Amino acid sequence: MIYLDYASGEKVNSSVLEVYTKSLKEDFANPNSVHYLGKKLNTKIEESTSKILNILGLDDTYEIVYTSGATESNNLAIKGLANRYKNFGKTIIISSLEHTSITASCEALTKEGFNVLVCHVTKKGLINIEELKKMLNNDVILVSITSLDSELSLKQDIDSIKEVLNNYENIHFHTDASSIIGKEQFNFNGIDLITIAPHKFGGIGDLGMLIKKKNVFLNSIISGGRSTTVYRAGTPNCPSIIANTKALELAINNQKDNYEYVKKLNNKIKEFLEKYPNIVINTRRESSPYIINFGIKNVLSNTLVDYLSEKEIYVSSKTSCCPVYSPSKLVLALTNNKNIANESVRVSLSRNVKEEEIDIFLKELKCFLERVD
């Protein structure tokens, strides 16, 4: 088996799994309990929270809302903030590269009277800053722009966007940072709400994080008993919080070495693809090397995905949260070409991919290209 769909999910790091299983055995009490064991676990969670913020370069003006995953974190960020600050305005701005959990949350809010605007990207795949500036007014309460999307791996100029938004007192800034952790250098300071998904960097997949400034308030979307914050009810998932702290530490510490290794694999694939005139490479020079998005002219993406799957080589046509037979929304946003969007295939890499696996993948891809030529 050759797995090349790491943008959908990373293998759990073995040392992280050890921490997780150890915690499952030892930390079984409820952290909300007032007895000694409960208080002990609550202290462990507080220590993990402080460590996570420290690793990300954030101070104690931030806090973490632990959720079930990035989808819940994005829902809480978008819906929670919109409903909390709706008396200040009802306009939300998102980019054309956002995850389904962002776009679906915004679509739901339009039924409640909110106005959602979409900021487009340039030919390089970067947010059109000038277009964004024209959209801003006193009715805007939230701007949500992904740090690094999961199909084209385009790193956005978040610092420039922050600088623009700083001129508006009532605008809050959210970024879905699920795909950038452990891959690219990133400055989280000054962002109001940050979504993180540990399963994207070798962590346990039953936990998400919404990191937020303490002076930014949300309406909760899940009601129930108390948790680590007032913004999300439910018993804290202590083993996952502890284990994913370890996963984050490893991801950041190994980021540079992993990047250089993956870049080597990326270059090998790209050199192969560039030999074929019927192949269109959708990722840009600005894209992170962790993803190569390409298409074969007049070949639907699922045709290639299915062929490779029969060879036990697993790639994807787009993010796994989108409808199977729909064109790639992100490739369409970038190219404005529905044919290219229907033909796009995503190969996503990781430190876990062996170079010989890439050789096998390219050999099978060559066989497929000879069949359709």
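User: In this predicted model, how far apart are the mean positions of the positive and negative charges of the protein chain?

Analyst: They sit 1 Å apart, taking 45 positive and 44 negative charges. Lys and Arg count as positive here, Asp and Glu as negative.

User: What radius of gyration would a compact globule with 373 residues have, and how does the protein chain compare?

Analyst: The rule for a compact globule gives a value near 21 Å, and the protein chain has 21 Å, so the two agree. Along its principal axes, the C-alpha trace spans about 70 × 50 × 30 Å.

User: What makes a residue count as buried, and what share of the protein chain does?

Analyst: The cut-off is under 20% relative accessible area. Of the 373 residues, 53% count as buried.

User: Why is helix H3 called largely enclosed by the rest of the structure?

Analyst: Because 11 of its 15 residues are buried. Among them are Ala 70, Glu 72, Asn 74, Leu 76 and Ile 78.

User: What span is expected for H3, and what does it reach?

Analyst: At 1.5 Å a residue you'd expect 21 Å, and H3 (residues 70-84) reaches 20 Å from its first C-alpha to its last, which is close.

User: Among contacts between residues at least 6 apart in sequence, how many join residues at least 24 apart?

Analyst: That's 73% of them in the protein chain, with contact meaning heavy atoms within 4.5 Å.

How values were computed: Residues numbered from 1 in each chain as written. Predicted model: local features only at pLDDT ≥ 70, side-chain atom pairs only at ≥ 80, totals over all residues. Heavy atoms only, no water. Helix = DSSP H or I, 4+ residues; strand = E, 2+ residues; numbered from the N terminus. Expected span 1.5 Å × (residues − 1). Buried < 20%, exposed > 50% of the residue type's maximum accessible area, 1.4 Å probe, protein only. Rg over C-alpha atoms; globule rule 2.2 N^0.38 Å. Charge placed at Lys NZ, Arg CZ, Asp CG, Glu CD.
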